[in-house]
Amino acid sequence: MHTRAASWLRHRLGRAVVLAYALALLMPGPGLWLRRPHALPLPPTHLALHAAPVLLSLVLFSAGLQVPVRALGRLLRHPKALLAGLVLHLVIPLAVVPFVAFLLRRTPDTDGGSGLLTAMILVVAMPVAAGATVWTDKGDGDQPTMVGLVLASTLLSPLTTPLLMATLSPLLSGGYAHTLAATGRLAEGGFALTAVVLPCAAGLLGALVLPARPLHRLQLTVTPLALAGSLLLTYVNASGALGSVLARPRPLLFAAALAVAALVCLLSFALGRAAARVLRLEAGTASSLTLACGMNNSSASAVLITASLPDKPHLLLPVLAYGLLQKTAASRIVTRLRRDPAPTAGP
């Protein structure tokens, strides 16, 4: 039953994400309620529960739990694609964000689009999205390479996320550099560890130590819950941004957020595809590398913005736009790569 539910949801994930956005636009109330902390009456203290980090942890725990350990062993013996993906994960933001900043400087925005740029930095600094494994599976890609990239970028995120934020913050003006620095301190000080690394590591530990049968039962239970949790997290994050849009409509901001997110998304995928061709990777590995370069964990960046910048819900707009666009682009890329495979790897 759980297997059928997970399979049914996976095959309709794109439409389900669009539905989550539509619900956030039409009925943001429950999502806004879930965004607020809720005290749990646990004597002698009252623990505050934040729904978004809990849902993010569930998604990443599920990703770690489904790691094919033996396949990762083979990947480590032939780490070309893994190392290339990790390097590109750091290099692409350093190429794309300054280019976008240059273009935004030519706009009439008084701060040179620093708000939009801040949101994009928070997206591209995040690890590879766990949902990229779903698109890899749909496109007959190299699943061990994708899982390795998700896992490695997640485990390294306490170092790489603050590093990218600090490196790109000089591009910002109007107080946004200070805002990004404060967010980077939160990521460095515990968010990346507690909400990203530890859940993924716990899932990986389960995959390593649990016997086959209990592990399979746990996966059957956790996988559909994580897929549903991912959709609920999308709805919660979208409610925060779209709720403010309905309260104070800003069509120019919405259009600019969509345009900037589309540009960053397109450039990231294009650079990943170009790198796969230069490296002459086989078709499945090329598909995984391309998807990993364009699919960042936008849910993690949205949760981080909610935690550190609750007074700036407009920053969620480009993050949400990127989350939707990267899934649309992934669908197109998977279809195209299946028709037009990359060159066969050389000897």
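Student: Why is H89 called buried?

Tutor: This is a predicted model, in which local features need a pLDDT of at least 70, side-chain atom pairs count only at pLDDT 80 or more, and totals for chains, interfaces and linings use all residues. Residues are numbered from 1 along each chain as its sequence is written, and side-chain values use heavy atoms, with hydrogens and water left out. Buried means under 20% relative accessible area, exposed over 50%, and partly exposed in between (1.4 Å probe, protein chains only). H89 has a relative accessible area of 9%, and is therefore buried.

Student: Which residues is H89 in contact with, leaving aside its neighbours within four places in sequence?

Tutor: Contact means heavy atoms within 4.5 Å. On that basis H89 touches V124, A125, M126, P127, V128, S153, L164 and N296.

Student: What makes α4 roughly antiparallel to α14?

Tutor: Angles run from 0 to 180 degrees between N-to-C directions; under 35 degrees counts as roughly parallel, over 145 as roughly antiparallel, 65 to 115 as roughly perpendicular and the rest as oblique. Helix α4 (residues 51-65) and helix α14 (residues 298-308) pack at about 160°, with their axes 10 Å apart. The pair is therefore roughly antiparallel.

Student: Which residues meet where α4 packs against α14?

Tutor: A52, P53 and L56 in α4 meet S299, A300 and V303 in α14. Five of the contact residues are nonpolar, one is polar and none is charged. Ala, Val, Leu, Ile, Met, Phe, Trp, Tyr, Cys and Pro count as nonpolar, Asp, Glu, Lys and Arg as charged, and the others, Gly among them, as polar.

Notes:
Helix = DSSP H or I, 4+ residues; strand = E, 2+ residues; numbered from the N terminus.
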